[in-house]
Amino acid sequence: RGNGAKAKDAKGTIGRLLRLLFTYYKKEVIIVLVCILISSLAGVAPAVYVQTIASYIERGIRAVTDGMSGSDAFAALLPELIPSLLLMAGIYLVGLIAAFLQARLGAVVTQGFLNRLRQKMFGGMQHLPIRYFDTHNRGDIMSHYTNDIDTIRQLISQSLPSCFMAGITLVALVLVMLYFSVWMTLIVFCAVALMFLVTR
């Protein structure tokens, strides 16, 4: 079989797996995806506030160099600096809570789903003819319950969340880069394309 047919089979398998996962744990999976979204955005958002805080500090240093005392410059900055710091700390806190909920709920979903899969597989094997067990080694049969299920565990608990998080982070970072400078973003894209060509 060609590579195209194998890729189509792989997509069909992942699609069936995700449909089964949503059948058993629809609400929990949606909550996990929302938590991943929040934690990803919380990891990117402070980049905007860091520049804002740096501009406040730069303004204070400029005021000191212009002759204002350090305590007066610091007092003038506090009304703007403290809300920004509190907002940034709040974003980090929300991101940590979302990451914690995602890890805890993701573990519950993963283990519960694998248990249901094993039960479903065992129930299906009860209806197989004796000929199947005569023509397959016991190790081959048991590997479905161990190796194959463990591969699905890695897919659900690590690969899919990582891909979703990486996609959100990439989109958010591109938007932040465009917010700061369109020309610098274009330069970065050109450099990445050049690196890709050289690496090939």
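How many helices and how many strands does the protein chain have? This predicted model has 6 helices and 0 strands in its protein chain, where helices (H or I, at least four residues) and strands (E, at least two) are DSSP runs numbered from the N terminus. Along the sequence, the pattern reads α-α-α-α-α-α. Residues are numbered from 1 along each chain as its sequence is written, and side-chain values use heavy atoms, with hydrogens and water left out. Because the model is predicted, local features need pLDDT of at least 70 and side-chain atom pairs count only at pLDDT 80 or more, whereas totals for chains, interfaces and linings use all residues.

- The mean pLDDT (the predictor's confidence in each residue, from 0 to 100) of the protein chain is 81, and 88% of its residues reach 70 or more.
- Confidence is lowest in helix α2 (residues 46-65), with a mean of 73, and highest in helix α6 (residues 182-199), at 88.
- Of the 200 residues in the protein chain, 22% count as buried; buried means under 20% relative accessible area, exposed means over 50%, and partly exposed lies in between (1.4 Å probe, protein chains only).
- The protein chain exposes about 14000 Å², of which carbon and sulfur atoms supply 69%; accessible areas come from the Shrake-Rupley method with a 1.4 Å probe, and for residues only the protein chains shown count as cover.
- Among contacts (heavy atoms within 4.5 Å) between residues at least 6 apart in sequence, 76% join residues at least 24 apart.

**Nonpolar cores**

- The largest nonpolar core comprises 12 residues: L17, L21, Y25, V29, V109, F113, L114, L117, I149, I152, L155 and I156.
- At least two residues of this core come from each of α1 (3-44), α3 (70-125) and α5 (138-180).
- A nonpolar core is defined as a set of buried Ala, Val, Leu, Ile, Met, Phe, Trp, Tyr and Cys residues joined through side-chain atoms within 4.5 Å.
- A second, separate core has 5 residues, including I53, Y56, L77 and M88.

**Residues of the largest core**

- V109 lies in helix α3 and counts as buried, at 5% relative accessibility.
- Leaving out residues up to four places away in sequence, V109 touches L21, Y25, E28 and V29.
- V109 and K26 are 83 residues apart in sequence, while their C-alpha atoms are 9.8 Å apart in space.
- L114 touches I149, I152 and R153, again not counting residues up to four places away in sequence.
- I149, in helix α5, is buried at 1% relative accessibility.
- Beyond its neighbours within four places in sequence, I149 is in contact with L114, L117, R118, M121 and H144.
- The C-alpha atoms of I149 and N115 are separated by 9.4 Å, although these residues are 34 apart along the chain.

**Other buried positions**

- Q102 belongs to helix α3 and is buried, with a relative accessible area of 15%.
- The contacts of Q102, not counting residues up to four places away in sequence, are V32, C35, I36, P161 and M165.
- A172 is placed in helix α5 and counts as buried, at 10% relative accessibility.
- A172 touches L41 and V44, with residues up to four places away in sequence not counted.
- A distance of 9.7 Å separates the C-alpha atoms of A172 and G43, which are 129 residues apart along the chain.

**Nonpolar surface patch**

- I14, L18, F22, I30, L33, V34, L37, I38, L41, V94 and F164 form a nonpolar patch on the surface, with about 800 Å² of accessible area together.
- Patches are made of residues with over 30% relative accessible area and no salt bridge; like charges are joined within 9 Å, and nonpolar side chains (Val, Leu, Ile, Met, Phe, Trp, Tyr) within 5 Å.
- Helix α1 gives the most to this patch, with 9 residues.
- F164, a patch member, sits in helix α5 and is partly exposed, with a relative accessible area of 32%.

**Salt bridge**

- The whole structure contains 1 salt bridge, defined as a side-chain nitrogen of Lys or Arg within 4 Å of a carboxyl oxygen of Asp or Glu.
- The salt bridge is formed by D150 and R153, whose closest N and O atoms are 2.8 Å apart.
- D150 and R153 are separated by about one helical turn, because they are 3 residues apart in helix α5.
- D150 is partly exposed, with a relative accessible area of 32%, and R153 also counts as partly exposed, at 23%.
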